[in-house]
Every structure is written in structure tokens, then in C-alpha cells.
Amino acid sequence: MKVKKYEASTIESALSQVKADLGKDAVILHTRKLPPKGLFGFLKKERVEITAALDINLIDPNIKSKLIPKPPTISSDSVPPRFEEKIGILKSEIDDVKSLVKAIAHQLADPLLQNAPDSVLETYNHLLGNKVCEELAKEILLSAKKQLNKGELQNIEKLREAVYEQISNLIYTSGPLDVPKGKRKVIALIGPTGGGKTTTIAKLAAQFSLFKNKKVALVTADTYRIAAVEQLKTYAEIIDAPIEVIFTNEEAREALDKHLDKDLVLIDTAGRNPHNKEQLDELVDLMKSCSPDEIYLVLSMTTKLTDQMDAIDRFSGVPIDKFIFTKLDETTTPGTMLNILAKTKKHLSYITTGQNVPEDIEIADSKKISKMIVGVPFETTEGSSKETSRVS
Ligand SMILES: Nc1nc2c(ncn2[C@@H]2O[C@H](COP(=O)(O)OP(=O)(O)OP(=O)(O)O)[C@@H](O)[C@H]2O)c(=O)[nH]1
Ligand SMILES: [Mg+2]
């Protein structure tokens, strides 16, 4: 039952309103005269009110069709998707809506983003898209905002430039591995499995021996897989560097004693599962036996941030000096680097950008990484990159 009130100056005009709206099946429930309203009501005419009702099941189909929306029609030539497909589509649409609502809620709740110019929102969303953490993205924007006047803030170019500066300041880099003459340097690379340790050792060994004329020796503690030893042996042969394969901590010490005359000794370690305590304890013992001058944690940038932070946490039993970030060529989320460096305040030494030995390695450059995050494409063929890749 649908009940409605109609008001007009005459009963006829009220009735015609009822008929036009509810049709000829409408039932008049009540009529009454309305007294004139207001201070000078006595000067105005009376009005009429009709209360009419309609039983939706009895009404004229023409009127009913106007009152009840038709279900959407499916064209005969469109094939309805299968149930699972429909569910899949719905799920992804729900996910989209959820993230949109989340983003809007954040933007509404945050004083920085509330009523912010489009340039700020666009840059914020860009940073999030590159996987910079929300809090960090806001901090960066706030600092950038302080550098700009109102007009500059609305100019996306100016804002991005300021954001670029802020990000550069948050990326701590160590510069290249320092290998002074006459003082042997021992470096160990550790990290989760498959991060690129062995390939990076080969790149560093080749760069230092071929381009810097340093006397390099390799030590591998990765004896779990035959292939791992073979992998490093092959590189050692190519660059004509001695290689020691060590099974025990005692052998590690002996191997290092054998190469006191070298400029650089690079120790490759087996990939460790960050959740395997026994493996991590072994690594801690090995590092104590070797006592390298510097320990580098190698992390692949194709790994999720939560897994990387978890690995950093679990490897913290080993005194890590610096990071090497690998597989930059494969990542679409360069903001991850910033999150790690801003959070840990540790220095980044090298980045690697491909599988080619020895060329796909560069000394970490905060400005270049900042460009990647802010949106300028990563220029691996930039004029100076060949020079910087020579680990000088
Ligand atoms: N795309 C790309 N692939 C890389 C890079 N560095 C290493 N890789 C590849 O990643 C894979 C694993 O590299 P490894 O050097 O064997 O990694 P690892 O950390 O020594 O592995 P484990 O010893 O098993 O822990 C290989 O296929 C490498 O060619 C890089 O910068 N970019
Ligand atoms: Mg390896």
C-alpha cells in the first residue's frame, strides 16, 4: 500500500494530481480543508488536502510500470559470465571500492590531505603507487610543503621537485666499497635465499680485479648446493681469482689466513631462510669466525616490504653494516627502498640492475633513486652510470 497526501486550491485540482500520480485505481482515504496559514492568513484562500492510497497489486499495469523499476534486461547476444567469474569480478570490484574508500577516508581524515590542492593529492597517490608507506609519504609531503609558497604548492612540477629533494635526503648511501692499497679488506655478503649474493660477489670481484687492478680472492661458504660452488668457481676462473671453498668455521679462518696478501677478499654465504633459527645461528658463528671488515645484507627489491622488514629483523643477530639492493630492473615499486632506508637508517652501498656480470651493478646514488620514486624513469644508460658502475 502506497499512501500520499496532495494539496491544491480546489478539490478538482487535488483529484487530478492524485489521478496523474497514482492512476484511476487510487483510493481516496480522506479529504480536508486547510485553514489559511500565517499572520495575514485571513487575507488568503482556503486550500484542500486529499489523502489517497494505492494498492500496488491492483493498479493499472501502465502506472505500475512507472512506480516499480524494471529489472535490468540482458541483451540476447551477450553471454552471461559463469558464476565463479561473476564472483571473481565482484570480488575485485569490492577490493577496488575498499581501497578507494580507504584512500578517501585517509584523505578526509588527514589535515594534510583535507582540501589539499590536486598537485598534493596526485603526488601522494603517486608515492603510494610506488609503495612508499602512507606515513612516510605524508611526512615527505609535509616537509616539501614547508619549502613552498601557496602558488608553488599548486604547481605539480615544483611540488615534485621539492619531494624529490626530501626523498634524496632520506636515502643514506655509503659510497663505493673502499679498498685502500696495502690493507686487506674482507667483505661478506649475507641474506635470504636467491637475493643475488653470488651474482653480486661475481660483479664486485670482476669490477675490482679487472677495472681497479686489485688483488681479489673469493671464499664461498655456500656448500649446501654443488651448483652454488660451481657458480662462483666459474666466475673466479673468468677473472682469474683464487677461490676457497669452506665447510667449517676453522676452514674459514684458514682460508682468510691464506690470502693476507690480497686487497679484497669477498665471502659468499649460503642463502638463509629468515625463519630458520638454526641456519641463522650458523651464520652468526661463521661471521664471528671470519670477522669481516664489513657485512652487507643483500635484499631483492622484488620481495614484499613486509618480508624484507622481517628478514632485516631476523638477520639482525649479525652486525650488518650496509645494504645492497638487487633486481632493481625487475621492481615496479622503488618506494620499498626508501621505506627500508628511512626505517633502518642504514646505508645503501650498491644497487644491481640485471643478471649481467660485471656490468649490472652501480654505486647507490640517492638522487637517482629519488628520481625513480618521484616518477622520472630510471636511466641505467645515463652518461655517468658506466663510470659509477665501475665500483671506483
Ligand atoms: N633481474 C635480475 N636478476 C638478478 C640480479 N641479481 C641476481 N639476479 C638473478 O637472481 C638469481 C639468484 O641469484 P644468485 O646470485 O644465485 O642469488 P643468491 O643470493 O646467491 O642465491 P642463494 O645462494 O641460493 O641464496 C639468478 O638467476 C641471478 O641471475 C639483478 O640485479 N637483476
Ligand atoms: Mg648464492
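**Alanine 202 and its surroundings**

Modeller: This is a predicted model. One place to begin is alanine 202, which counts as buried because 24 C-beta neighbours lie inside 10 Å; the cut-off for buried is 20 or more.

Biologist: Which helix is alanine 202 found in?
Modeller: Alanine 202 belongs to helix H8.

Biologist: And what is alanine 202 in contact with, leaving aside its neighbours within four places in sequence?
Modeller: Leu232, Tyr235 and Val357. As for aspartate 268, it is 66 residues from alanine 202 along the chain, and their C-alpha atoms are 9.5 Å apart.

Biologist: Now the ligand. Which residues come nearest to ligand 1?
Modeller: There are 20 residues around ligand 1, and those that come nearest are Gly196, Thr198, Thr199, Gly271 and Thr352.

Biologist: Which element gives the largest share of that shell?
Modeller: Helix H8, residues 197–211, with three residues.

Biologist: How many of the shell residues are nonpolar, polar and charged?
Modeller: Twelve are polar, six charged and two nonpolar.

Biologist: Step back a bit. How many helices and strands does the chain have?
Modeller: The chain has 15 helices and eleven strands. It runs to 392 residues, of which 32% are buried. Taking contacts with a separation of 6 or more, 74% join residues 24 or more positions apart.

Biologist: Next, helix packing. At what angle do H5 and H7 cross?
Modeller: Roughly 120°, with the axes of H5 (residues 134–147) and H7 coming within 9 Å. H5 is therefore oblique to H7. The crossing is right-handed.

Biologist: Which residues make that contact?
Modeller: From H5, Ile140, Leu141, Ser143, Ala144 and Gln147; from H7, Leu159, Ala162, Val163, Gln166 and Ile167. By class, the contact between H5 and H7 has seven nonpolar residues, three polar and no charged ones.

Biologist: Why do residues three or four places apart point the same way in an α-helix?
Modeller: An α-helix has 3.6 residues a turn, so residues with that spacing point the same way.

Biologist: Last one, H14. Which of its residues are buried?
Modeller: H14 covers residues 366–374, and Lys368, Ile369, Ser370, Met372, Ile373 and Val374 are buried there.

Biologist: What covers the buried residues of H14?
Modeller: The cover includes helix H7 (156–170) and helix H13 (335–344).

Biologist: And what follows H14?
Modeller: Glycine 375, with a positive phi near 130°.

Conventions: Residues are numbered from 1 along each chain as its sequence is written. Chains are lettered from A and ligands numbered from 1 in the order in which they are written. This is a predicted model: local features need pLDDT of at least 70, side-chain atom pairs count only at pLDDT 80 or more; totals for chains, interfaces and linings use all residues. A residue is near a molecule or strand if its C-beta atom, placed from the backbone, lies within 6 Å of it. Helices (H or I, at least four residues) and strands (E, at least two) are DSSP runs, numbered from the N terminus. Ala, Val, Leu, Ile, Met, Phe, Trp, Tyr, Cys and Pro count as nonpolar, Asp, Glu, Lys and Arg as charged, and the others, Gly among them, as polar. A residue is buried if 20 or more other C-beta atoms lie within 10 Å of its own, exposed if 12 or fewer, and partly exposed in between; C-beta atoms are placed from the backbone. Two residues are in contact if their C-beta atoms, placed from the backbone, lie within 7 Å. Axes are lines fitted to C-alpha atoms, for helices over the stretch in contact, and angles run from 0 to 180 degrees between N-to-C directions. Angles under 35 degrees count as roughly parallel, over 145 as roughly antiparallel, 65 to 115 as roughly perpendicular and the rest as oblique. A crossing is left-handed if the near helix is turned anticlockwise from the far one by less than a right angle, and right-handed if clockwise.
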